[in-house]
Amino acid sequence: MKGTCSPTSTSSGRSSTPAPPPAFDFQPLGRVVFGSGSLARLGEVARELGGTRVLLVTDPGLEAAGHPQRAVAAIEEAGLEAFVFDGVKENPTEREVAAGVVFARTHRVDLIAAVGGGSSMDCAKGVNFLLTNGGRMADYKGHGKATKPMLPSVGVPTTSGTGSEAQSYALITDERSHLKMACGDKQAAFRVSILDPEVTLSQPKLVSAVTGIDAVAHAVESFVCARRNPLSQTYSHAAFRQLEPNFERVMSHPTDLAARSAMLLGAHFAGMAIEAAMLGVCHSCANPLTAHYGVTHGVAVGVMLPHVVRFNAAAVGDLYADLAGSAGALADRVTAMLSAAGLPRTLKECGVSESILPLLAEEANQQWTARFNPREVSEADILGLYRAAW
């Protein structure tokens with residue numbers, strides 16, 4: 001890939017010795033079970049992990065689609081007991097995690113399964129931290145701070161977006177600061193991820209759109225971030241190749257199982273890329289928009305991504321070219337995807353006031369992902385990105 005280990009050109013036009021690839025330390029997290037109908041294997045997988053009393057963390061909105069009910073049936077058919085905690089809200093806070101811990105203790109669970117989007121999976125990981133290690137989520141900000149063994153867990157994503165099932169981090173919102181706390185530990189990662197494209201067929205168009213754009217942003221940002229490496233870029237590149245041609249197909253043909261399968265795999269690959277590398281300033285910009293205006297995360301990253309790509313082009317334009325021919329072409333492609341999905345393309349369309357942009361920039365500059373942007377970014381730069389997107 002360009003910018004990683006390909007020959008560099010000298011002023012005379014001759015190629016110099018290729019730079020060695022950067023060092024990295026990658027630890028695969030767990031098993032991945034992919035295939036239509038694979039939700040039915042949840043009980044089998046839980047039993048293999050030694051579970052007998054399973055906490056099922058899910059979103060009450062999924063009950064109409066029947067996914068939690070099918071998960072419970074699969075668990076019970078394997079001879080295990082299932083206890084459903086459906087108190088998950090979008091962008092879970094410590095309040096939801098604490099409620100889940102109380103529920104889990106009451107039912108003496110020995111395995112955790114999450115069926116839902118990123119919020120359900122983050123909440124499940126948060127419950128695992130506090131149930132086994134105690135304290136508050138703030139105690140686990142960063143990585144590797146759990147000192148006691150955690151419960152085995154299984155993740156079943158019902159959206160093609162966050163890729164949380166492929167990551168060891170729980171993103172829990174601090175109710176006071178509205179900032180997302182990234183709490184990571186290898187033990188918190190799901191031992192098994194079950195990827196069943198059939199469960200994504202029930203997504204409303206808007207959910208498919210905002211989660212799909214989020215996955216695209218994950219692929220693009222992880223591909224160029226400061227912590228990129230040959231392995232993470234392999235996942236990022238594969239993710240983009242699955243997501244980019246199938247996003248609009250899912251928008252126009254929502255029951256196309258092949259396109260849904262590609263989106264689910266793409267989101268998972270992007271999650272693996274994040275785990276092996278990091279993200280960038282696009283996600284830093286998105287979080288304050290959600291905190292102050294309730295802008296859905298996928299909408300926020302979608303609005304900001306074209307402007308971030310153009311800003312970063314001076315540093316990693318060759319990498320963007322690997323994805324779409326040029327940085328400008330990539331930015332235009334993301335904008336076209338937003339249009340195809342009927343999503344906002346400006347902050348003004350999201351109801352954001354121009355007067356609040358300096359405050360948003362100050363808060364975005366405090367987000368940890370900004371530090372991994374491939375081009376060094378300041379608060380003034382972030383304000384410029386917000387103004388360009390407004």
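Let's start where helix H6 touches helix H9. Gln233, His237, Phe240 and Arg241 in H6 meet Leu319, Asp322 and Leu323 in H9. Contact here means heavy atoms within 4.5 Å. The residues of this contact divide into three nonpolar, two polar and two charged. For the classes, Ala, Val, Leu, Ile, Met, Phe, Trp, Tyr, Cys and Pro count as nonpolar, Asp, Glu, Lys and Arg as charged, and the others, Gly among them, as polar.

A word on the source. This is a predicted model, where local features need pLDDT of at least 70 and side-chain atom pairs count only at pLDDT 80 or more, while totals for chains, interfaces and linings use all residues. Residues are numbered from 1 along each chain as its sequence is written, and side-chain values use heavy atoms, with hydrogens and water left out.

Back to the helix pair. Two packed helices are described by the angle between their axes and the distance between the axes. H6 covers residues 230–252 and H9 covers residues 297–324. Their axes come within 10 Å and cross at roughly 40°. The axes are lines fitted to C-alpha atoms, for helices over the stretch in contact, with angles from 0 to 180 degrees between N-to-C directions. H6 and H9 are therefore oblique to each other. The cut-offs: under 35 degrees is roughly parallel, over 145 roughly antiparallel, 65 to 115 roughly perpendicular, and the rest oblique.

Stay in H6 for Asn246. Buried or exposed? Asn246 is buried, with a relative accessible area of 17%. Buried means under 20% relative accessible area, exposed over 50%, partly exposed in between, using a 1.4 Å probe and protein chains only. Leaving aside neighbours within four places in sequence, Asn246 is in contact with Ala259, Ala262 and Met263.

Next, His283, in helix H8, residues 281–293. His283 counts as buried, at 5% relative accessibility. Which residues does His283 contact, leaving aside its neighbours within four places in sequence? Asp214, Ala217, His218, Glu221, His297, Val301 and Thr369. Take Thr369. It is 86 residues from His283 along the chain, yet their C-alpha atoms are separated by 6.7 Å.

Now a loop residue. Leu80 lies between helix H2 (67–77) and strand S3 (81–85). Leu80 also counts as buried, at 8% relative accessibility. Beyond its neighbours within four places in sequence, Leu80 is in contact with Gly43, Ala46, Arg47, Gly51, Thr52, Val54 and Ile75. Val54 is 26 residues from Leu80 along the chain, with 7.2 Å between the C-alpha atoms.

Two backbone points. Most residues other than glycine have a negative phi. Asn91, in the loop between S3 and helix H3 (94–106), has phi near 55°. Arg108 has a positive phi of about 50°. Arg108 sits in the loop between H3 and strand S4 (111–116). It is exposed, with a relative accessible area of 56%.

Last, the whole protein. There are twelve helices and nine strands. These are DSSP runs numbered from the N terminus: helices are H or I, at least four residues, and strands are E, at least two. Buried residues make up 56% of the 390 residues. Of the contacts with a separation of 6 or more, 78% join residues 24 or more positions apart. The C-alpha atoms fill a box of roughly 70 × 45 × 45 Å, taken along the principal axes.
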